[in-house]
Amino acid sequence: MTLDELDSWLSSDEAPEDSMMLSDLDGFLTALVAGPAFVHPEIWLPSVWGNKHLVQPAGRNGERALQAIVARYNAISTMLGNTPDDWAPIFWQHPDGTAIPGDWAEGFLDAIKLSIEAWAPFLAHHDTARHFSMILVYCGDANGDDLIPIEPAIREQILGTACALIPESVIAIRTACMPARVAQAKAEAAPQRQNQR
């Protein structure tokens, strides 16, 4: 299943009712890849389907959709790790071609919420906070208000550049988070090595 086919399937009646659409799914997967902690698919897949009890939708197309999602996750990981200039977020577009990053940013935020304790130091650190602001400026809180309260005039200035800076921000966030992710992997592997002795 191609990404275009996945997009169509997610919008169809065959997909679970509260499934993510392609743009927020892409932001979600990007944060999972770039983040400071590995999150097991069995934990994050229910968020994709909007159903805490569902890991894979029923049927052949549900299986194909899952494979396409995993393929996109792996592609994001490969590109950000090896050829970051080749990676680009999947944004919706206005008819005039202007990018609409809001859903993508909301998906990114949804992934952060899955492991907020691991993300918290990076969200607060001055070296990375600016990069997060380029993404989270498009997000709302539980009440529908702006997640980041900013004066309207300043917000307009940020929104004028944030969209173009999101790829740069994602790469910077991933670079900052990778040492924590590597440390997690080593810590989880250590007991396994000891048990094999």
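Helices here are DSSP runs of H or I at least four residues long, strands are runs of E with at least two, and both are numbered from the N terminus. With that settled, D26 has its place in helix α2, and so does S23, in a helix that covers residues 22-34.

Before going further, some ground rules. This is a predicted model, in which local features need pLDDT of at least 70 and side-chain atom pairs count only at pLDDT 80 or more, while totals for chains, interfaces and linings use all residues. Residues are numbered from 1 along each chain as its sequence is written, and side-chain values use heavy atoms, with hydrogens and water left out.

As for confidence, pLDDT is the predictor's own confidence in each residue, on a scale from 0 to 100. The protein has a mean of 89, and 96% of its residues reach 70 or more. Confidence is highest in α2, at 97, and lowest in helix α8 (residues 152-195), at a mean of 82.

Is S23 buried or exposed? Buried means under 20% relative accessible area, exposed means over 50%, and partly exposed is in between (1.4 Å probe, protein chains only). S23 comes out at 0%, so it is buried. Its side chain reaches the backbone oxygen of I90 at 2.7 Å. Leaving aside residues up to four places away in sequence, S23 touches I90, F91, W92, D103 and W104, where a contact means heavy atoms within 4.5 Å. D26 is buried as well, with a relative accessible area of 1%. With the neighbours up to four places away again left out, D26 touches R72, I76, A88, P89, I90 and W104.

The buried residues of α5 are G102, W104, A105, G107, F108, L109, A111 and I112. Why might some of these sit three or four places apart? An α-helix has 3.6 residues a turn, so residues at that spacing point the same way.

Now for the rings. Phe, Tyr and Trp (its six-membered ring) pair if their centres lie within 6.5 Å; planes under 30 degrees apart are stacked, over 60 edge-to-face, and the rest tilted. The count comes to 8 aromatic pairs. In one of them, W87 and W104 are tilted, at 6.4 Å centre to centre with 50° between the planes. W87 lies in the loop between α4 (59-82) and β1 (92-93) and W104 in helix α5, so this pair ties together parts that are 17 residues apart in sequence. W87 is buried at 4%, and W104 is buried at 0%. F108 and W119 make an edge-to-face pair, 6.0 Å centre to centre and 65° between the planes. This one links F108 in helix α5 to W119 in helix α6 (residues 116-124), 11 residues apart, and both F108 and W119 are buried. W87, F91, W104, F108, W119 and F132 form one aromatic cluster.

Last, the cysteines. Searching the whole structure gives 0 disulfides, a disulfide being a pair of cysteine sulfur atoms within 2.5 Å. C163 is in none, and its nearest cysteine sulfur, that of C139, is 13 Å away. The sulfur of C177 is 16 Å from the closest one, in C139, too far for a bond. C177 is buried at 1% relative accessibility, and C163 is buried at 19%.

Notes: Polar contact = N/O pair within 3.5 Å; in protein donor to acceptor, adjacent residues only side chain to side chain.
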